[in-house]
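This report goes through a single protein chain element by element, moving from its strands to its helices, charged pairs and surface. Please keep the sequence and the coordinates at hand while reading.

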Amino acid sequence: MTQDTLDLVQRLLFLVAVVLIVLGLKRLSSPATARSGNALAGWGLALSVAATFVTGVPQNLPLVVIGLVLGAGLGWWGARVVQMTDMPQMVALLNGLGGGAAAAVSAAEYLVWTGAPGVHGGFHAGSILAGTVIGAVSFSGSLLAFAKLSGVAERPLLLPGGRLAQGLLVVAVIATGYLAVTGGGLAMFLAFALLSLLLGLLMVAPIGGADMPVVISILNSCTGLAAAAAGFVLDNHALLVSGTLVGASGTLLTRLMCKAMNRSLANVLFGAMGAAPADAPGGGAARPARPVRDVSVEDAAMLLANVQTLIIVPGYGLAVAQAQHVVRELADLLARRGVDVKYAIHPVAGRMPGHMNVLLAEANVPYSQLFDLDQVNADFERTDVALVIGANDVVNPAARHDRASPIYGMPILDVDRARHVVLMKRSLNPGFAGIDNELYYDPKTTLLVGDAKKVLTRLVEELKSTG
C-alpha cells in the first residue's frame, strides 16, 4: 500500500474508534446499559491504539511495547484486587494518570517544537501549553484527591491569603508559559510545568472530603481537555474527539453535582480558602449532647416485618462495611413478603459521582428499584420506614432551615418525613461535612449502632426466624 492509502486507513480506523467511544458514552448514561457501554468505549480506545501502528512502526518500539504491557497489566491487576470501598481512590488515581500522560505528551512535543522553529505556528504552541498546564493540574490535583480519599490528608488545608496566593500563581503560570514559547527555553518551560503542578495542589488542598465528588468530576473534565489539547498537538482526531467528549461530559456532571449540593463551582474550589476551621464559631462546631433513641436488632426486625413500604438510603458506611450484598438479601427477603422496597440515591452520596449506583450494581440490585432524589423524595411521606445505612450529610434536615449550617440549601433526601426512620451508623460522629446531624434526635428516629454488614446480617437472620 502507498503511504496515502495507509493514512486513509488509519483515519478510517480512528473514525470507527470515535464512533465506538461516542456510543459507549451514550450507553453509560443508564445503569442498564452501562456495562456494555464501558466495553464499547474500551474497544474503541483499543482500536485507536492499534490504528497508530497502521502507518508504520513507531520509533522506540520496545519502549512503546513495555508501556502497553505494563499499563494493561496494572489495569487488569487493579480491576481484580481493588475493593469497592477503594473505588473513589482508584478513580482519582486513574484520572490523574490520564492527565499526567497528556501533560507528558505535550511536554515531549515542546522539545520537538523547539528543535524545529518555524515549522508550526502559534496555535500549536498554545496547544502545547494548554495540554501541559491542564494535564499537570489534573495530575497533581488528582493525586492529592487520592490522598484525601485514602485518609492521608483528609482535612482541608486552609491557607491564609489563599485566594491571593492562587491568583498570583495563575499569573506566574501564564507568564512562564508565554516566556517558554517566546525564547525562554527549556528552563522556563520546566518552571512553567512545576508551577502548573503546584497550582493543582493549591486548588485541591483547601477542599474538604464532602466536596470530593465534585472535585473528582472537575478534575476528570480537566483530563479530557488536556487529552483534547494533546490531540491538537499530535493531529490525532481520535484523541481530540474523545478528549473533548470527556471534558464536556465532566463539565456537565460537575454542574449537576454542584446543583445537587446547592453550591457554585467557585464556592467548591475557593470557598474554603482562608475560612475558619470546622471547630470555629459558625463552622460546624459540635453541639451539646442530646438524647437519642437506640433500638435493638430484634425490635428493628419486628418493625420491618410489619411494614408495607420501605425506602433504603445507602451511604458511604455501606461501602466501608462492604455490605451491599447483605442489604440486597434483606431487600429480597422483604420483597418476597410483599413489601414495596426502593433505594433512594443522592447524587453526592459516597466519595465519587455514582458511587452508590456502582456499589449496588455489584450486588445486582435491580435497576428498577433505584430512584434518584427528585424521583423518590415525594414518596417518603407515604413510606412506613426509611432505613438509612451509613448516609449522613445527605439526610440532615439542617440543610432545609439552618442558615448557619455549611450545607444550608443543599437538596437532601427527606427521610425525616417517613413514618419511622431507622438509622444505621458505626457511631454518632459527624459526616464528612463535619457537622452534627439533626436526624439523630428526631422523635421518629431510632439508631442501630454498629458495623453495617454485621448489623444487617443479624437483621436478616432475625427476619428469617420470624417466618
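The model discussed here is a predicted one, and in it β1 spans residues 309-314, six of its six residues being buried.

Two other strands pair with β1. Strand β2 runs parallel to β1 and is joined to it by four bridges, with Leu310 standing opposite Val341 in β2. Strand β4 also runs parallel to β1, here over five bridges, and Ile311 stands opposite Ala386 in β4.

## Strands β5 and β6

A further parallel pairing is that of β5 with β6, which extends over five bridges; within it, Met424 has Leu448 of β6 as its bridge partner. Strand β6, residues 445-449, is mostly covered, since four of its five residues are buried.

Helix α1 covers residues 3-27, and its 25 residues reach 36 Å from the first C-alpha to the last, close to the 36 Å expected at 1.5 Å a residue. Its buried residues are Leu6, Gln10, Phe14, Ala17, Val18, Ile21 and Gly24.

Helix α2, residues 34-51, has 18 residues and a C-alpha span of 25 Å from first to last, close to the expected 26 Å. The buried residues of α2 are Gly37, Ala41, Gly44, Ser48 and Ala51. Why do they lie on the same side of α2? They cover an arc of only 80 degrees around the axis, which puts them on the same side of the helix. On the face of α2 turned away from its buried side, the exposed residues are Arg35, Asn38 and Trp43.

## Salt bridges

How many salt bridges does a search of the whole structure find? The search finds eight. One of them is local: the side chains of Arg328 and Asp332 meet at 2.7 Å, N to O, and both residues lie in helix α12 (residues 324-336), four residues apart, or about one turn of the helix.

Another salt bridge joins Asp379 to Lys342, with the closest N and O atoms 2.8 Å apart. Asp379 belongs to the loop between α14 (373-376) and β4 (385-389), whereas Lys342 belongs to strand β2 (residues 340-345), so the pair ties together parts that are 37 residues apart in sequence. Both Asp379 and Lys342 are buried. The side chains of Asp384 and Arg419 likewise meet in a salt bridge, at 2.8 Å from N to O. This pair links distant parts of the chain, 35 residues apart, with Asp384 in the loop between α14 and β4 and Arg419 in the loop between α15 (398-401) and β5 (420-425). Asp384 counts as buried because its relative accessibility is 15%, while Arg419, at 44%, counts as partly exposed.

## A nonpolar surface patch

Val49, Phe53, Val57, Leu61, Val64, Val65, Leu68 and Val69 make a nonpolar surface patch of about 610 Å². Helix α3 (residues 61-81) contributes the largest share of the patch, five residues. Val69 lies in that helix and counts as exposed, because its relative accessibility is 57%.

## Loop residues with positive phi

Two residues call for a separate look at the backbone. Gln322, although not a glycine, has a positive phi of about 50 degrees; it is found in the loop between α11 (316-321) and α12 and is partly exposed, with a relative accessible area of 32%. Asn364, also not a glycine, has a positive phi of about 60 degrees. The loop that holds Asn364 lies between α13 (355-362) and β3 (370-372), and Asn364 counts as exposed at 54% relative accessibility.

How values were computed. Residues are numbered from 1 along each chain as its sequence is written. This is a predicted model: local features need pLDDT of at least 70, side-chain atom pairs count only at pLDDT 80 or more; totals for chains, interfaces and linings use all residues. Side-chain values use heavy atoms; hydrogens and water are left out. The expected span of a helix is 1.5 Å times one less than its number of residues. Buried means under 20% relative accessible area, exposed over 50%, partly exposed in between (1.4 Å probe, protein chains only). The arc is that of the directions from the helix axis to the C-beta atoms. A salt bridge is a side-chain nitrogen of Lys or Arg within 4 Å of a carboxyl oxygen of Asp or Glu. Patches are made of residues with over 30% relative accessible area and no salt bridge: like charges are joined within 9 Å, nonpolar side chains (Val, Leu, Ile, Met, Phe, Trp, Tyr) within 5 Å. Accessible areas come from the Shrake-Rupley method with a 1.4 Å probe; for residues, only the protein chains shown count as cover. Two strands pair if DSSP finds at least two bridges between them.
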